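Visitor: I have not looked at this one before. Can you walk me through it?
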Amino acid sequence: MDVVNRRLIHKYDHETIREVEDLVIKEYPFTILLNGQKLITLLCTPRGLDYLSIGFLLSEGLIQKKEDIISLEIDEEKGIAKIETKKRERISGELTEKRTVTTGACKGTVFYDVMDFFEYQRIDSPLKVHIEDILELVRKFSQASDLFLNTGGVHSTGIAAQKEILLFHEDVGRHNALDKVIGESFMKDMVLKDKMIITSGRISSEMLIKCAKREIPILISRTAPTDLALQLGEKIGMTIIGFARGL
C-alpha cells in the first residue's frame, strides 16, 4: 500500500506563489480486533502493520511471549488487524477493568497508572557506549528517514547496537513508530537488554514505559524528555539522552 499521496499545493517561494505537486504522508485509520472485540483504532502510516499490532499488544501487556498468539491477520483494504490470543478471559478482564483506551494525536493512548512504575524493577544491563558512537548513530538515524525527507510528516524510531542501527520504522505517530520496532524485535527474537532506542520524538513517560517493559537500558531522542520521564528513568536505572543531534 502506498504511504504517500500526491497533492497540488500553493508554494510561497522568493515572494512568488506557484502551484506545485507535493508528496503528503498518508494518515490511515487502523483498527485492532482482539479475540473478536474492538481494542483500539490507531491513526498510523500503513507500513509494518503486523509489527505495529504486535508491538501495541506487548506495550500494553496483553501478550508476553509468542506462544500467546494464536493468529494474526491483516486486512489492509479494510484497515483491520484480527488477532487471536490464548489468554482470552484474562485479557478481557484487563481491558474492561484496568484500562481506558482512546485515540488521538495520531496514536492510541492508554492512561497508565504511572505511579506503579516508581516501584518497577530496575533495568540490569551491562551496556556501555561512548559519546562519539552515540553521535554517529544519531547521524545515521537522521539520514535514514526517506519519508521524512520527502514529506516532513513522520516520526522515526530505531533499535541500535553500539555502532549500528538494527531496526528502523517511521510513522505519523511517535508511539506507533516505537511499537513497530518493539513488535519487529519481538518477532525476530532480539534480546534488547544490550540495545538502545533512538527516536525523533519527545521522550514522555509513556514512551519510557514502553521501553522499560522490554528492558531497554538507553533511550535517545533528537528532542526533549519530560520531567516525569526523567524521574522514572532515574528510578528504574534507564539512561535518557535528549537533544542528540549527531555530528
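Predicted model: local features only at pLDDT ≥ 70, side-chain atom pairs only at ≥ 80, totals over all residues.

Visitor: What is the strand order in the open sheet of four strands?
Guide: The order is β4-β3-β6-β5, and the pairing is mixed.

Visitor: Which strands stand at the edges?
Guide: β4 (37-44) and β5 (69-75) do; each has a single partner strand, so one side of each is left without a neighbour in the sheet. From one strand to the next, the twist averages 15 degrees.

Visitor: And in what sense do β3 and β6 pair?
Guide: Strand β3 (residues 28-34) pairs with strand β6 (residues 80-85) in the parallel sense, over four bridges. For Ile32, the bridge partner in β6 is Ala81.

Visitor: On to helices. At what angle do α1 and α5 pack?
Guide: Helix α1 (residues 49-59) and helix α5 (residues 174-187) pack at about 95 degrees, and their axes are 7 Å apart. That makes α1 roughly perpendicular to α5.

Visitor: What kinds of residues make up that contact?
Guide: The residues of the contact divide into eight nonpolar, four polar and three charged. Among them are Leu52 and Phe56 in α1, and Ile182 and Lys180 in α5.

Visitor: What about α6, how many of its residues are buried?
Guide: Seven of the nine residues in helix α6 (residues 205-213) are buried, so the helix is mostly covered. The buried ones include Met207, Leu208 and Cys211.

Visitor: What do they pack against?
Guide: The buried residues of α6 pack against α1, α5, β11 (196-199), β12 (218-221), α7 (227-236) and β13 (239-241).

Visitor: Which residue takes a positive phi just after α6?
Guide: Glu215, with a phi of about 60 degrees.

How values were computed:
Residues numbered from 1 in each chain as written. Heavy atoms only, no water. Pairing = 2+ DSSP bridges. Helix = DSSP H or I, 4+ residues; strand = E, 2+ residues; numbered from the N terminus. Axes fitted to C-alpha atoms, helices over the stretch in contact; angles between N-to-C directions. Parallel < 35°, antiparallel > 145°, perpendicular 65-115°, else oblique. Contact = heavy atoms within 4.5 Å. Nonpolar A, V, L, I, M, F, W, Y, C, P; charged D, E, K, R; others polar. Buried < 20%, exposed > 50% of the residue type's maximum accessible area, 1.4 Å probe, protein only.
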